[in-house]
Amino acid sequence: MRETNFLIENNARHLWHPMAHPAEMQASPPRIINAGEGVEIVDIHGKKVLDAVGGLWNVNLGYSCEPVKEAIRRQLDELPYYSTFRGTTNSPLIELSYELSEWFREDGLTRSFFTSGGSDSVETCLRLARQYHKLNGQPERTKFVALKKGYHGTHFGGASVNGNANFRRNYEPLLPGVFHLPAPYTYRNPFDTTDGAIIAKAIARLFEDEIAFQGADTIAALIMEPVLGAGGVIVPHETFMPLMREICDRHGILLIADEVITAFGRTGAWTGSRLFGVKPDFMSTAKAITNGYYPFGAVMIADKVAQVFESNRTAAGSIGHGYTYSGHPVGAAAAVATLKETRKQNVAANAKARGEELIAGLEALKARHELIGDVRGKGLMCALELVSDREKKSGAAKDIVQKVQDVTYDAGVMVRTSGANVILSPPLIVTAEDVTRILTALDAGLSAARG
Ligand SMILES: Cc1ncc(COP(=O)(O)O)c(C=O)c1O
């Protein structure tokens, strides 16, 4: 490794960072993170902070998960790569597909298709949804419906169903035939209410209206996150996802649950769909499937969909989709070890208990800091929405949000900001003491930003 000065001098000089302006990164280079241990990360200056971002919603078991590291090392020695395109497979992948069919059985999902990450998984769901309808004798079902504020990665299909202009405008035109419904967002919505149940019903009515307008027989799928993550941790009313499922069923529309964040315990349930008692037709997963240690994803497929593909005997049923790294043996080995640890440590239960403590603490901060307009969360995915004026709900200025992040970091905790939101998604193994540490550091950050 090159010396510290070299790294600092060359930081952001020769690369463009995702989700950032290259000029801004050059003017204000990102923090260099050099090490991780337990739930903490260490920067290049040796400063150790609690990682309340959990990598990027993915390092659920923390940075010292030895069984996952060991599985990766062992697999690298055994078979570092081989293709899974028609004709060959590998042993860890077969084991993983079995484990996943058990893991997601309660969600009605028993087949898997492997990818290199969340965007790939979303793309796979969208493509297979269209193919399903073609096989099922309804080739005109090609359109997609999605939620505003939804985040589904950045491939063209994913960006098209995305509900945030930041990920769309610079890349338009996107996929035609995509329609958006309002987000189930109690703090800001076009329905003039803060009642989640009323909002859920209002969105359901708009969905029905859009279906009638488009023609049900032209719509392939609705894609939604059970709890909207990157859009600002928007937790829908418990009736929302079941309502969406019921409407989809009535109109022959598939339901794609994008669980890239929520699939392995983050909400306090093993899946977001299960949290709301819904069985989706496809589920996109990635991130925590390998604890973030290896780029990997899995699309889970419902029996009903699988039957249509598996009973077909023509070329139309053949899957003309896949990636060089679909089913990568090292990723598969990492995932098998991660699932085992995830279950053994029962992190969903910890996410639920610690999440309740975190939300209670954030509400207490709201009572003391005018800067906080809204507190939201489920399990260990939480957000603070910062405002400059509570009455008017005007979003906090960029420099204020940055100040909260910087001072919180100085006080020993890394948090993520997105627009006016402070997003918290710590590893699911955090203790009650860790939660207190997060709240104390945030308190310092919020106090400093107030001036
Ligand atoms: C719900 C959801 N879908 C898809 C993605 C895209 O995943 P990736 O960044 O691994 O491509 C993300 C990433 O945060 C996500 O939160």
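The model is a predicted one, in which local features need pLDDT of at least 70 and side-chain atom pairs count only at pLDDT 80 or more, while totals for chains, interfaces and linings use all residues. Residues are numbered from 1 along each chain as its sequence is written.

I begin with α12. This helix (a DSSP run of H or I, at least four residues, numbered from the N terminus) covers residues 329-344. Twelve of the 16 are buried, that is, 20 or more other C-beta atoms, placed from the backbone, lie within 10 Å of their own. Among them are P329, V330, G331 and T342. The buried residues pack against α4 (66-78), α5 (91-103) and α13, where contact requires C-beta atoms within 7 Å. Just after α12, N346 takes a positive phi of about 45°.

I turn now to α13, residues 347-368, and α15, residues 432-450. Their axes, lines fitted to C-alpha atoms over the stretch in contact, come within 10 Å and cross at roughly 20°. The two helices are therefore roughly parallel (an angle under 35 degrees). On the α13 side, the contact is made by R354, E357, L358, G361 and L365; α15 contributes residues including A432, V435 and D443. The residues of this contact divide into eight nonpolar (Ala, Val, Leu, Ile, Met, Phe, Trp, Tyr, Cys and Pro), one polar (the others, Gly among them) and three charged (Asp, Glu, Lys and Arg).

Note on methods. Axes are lines fitted to C-alpha atoms, for helices over the stretch in contact, and angles run from 0 to 180 degrees between N-to-C directions. Angles under 35 degrees count as roughly parallel, over 145 as roughly antiparallel, 65 to 115 as roughly perpendicular and the rest as oblique. Two residues are in contact if their C-beta atoms, placed from the backbone, lie within 7 Å. The expected span of a helix is 1.5 Å times one less than its number of residues.
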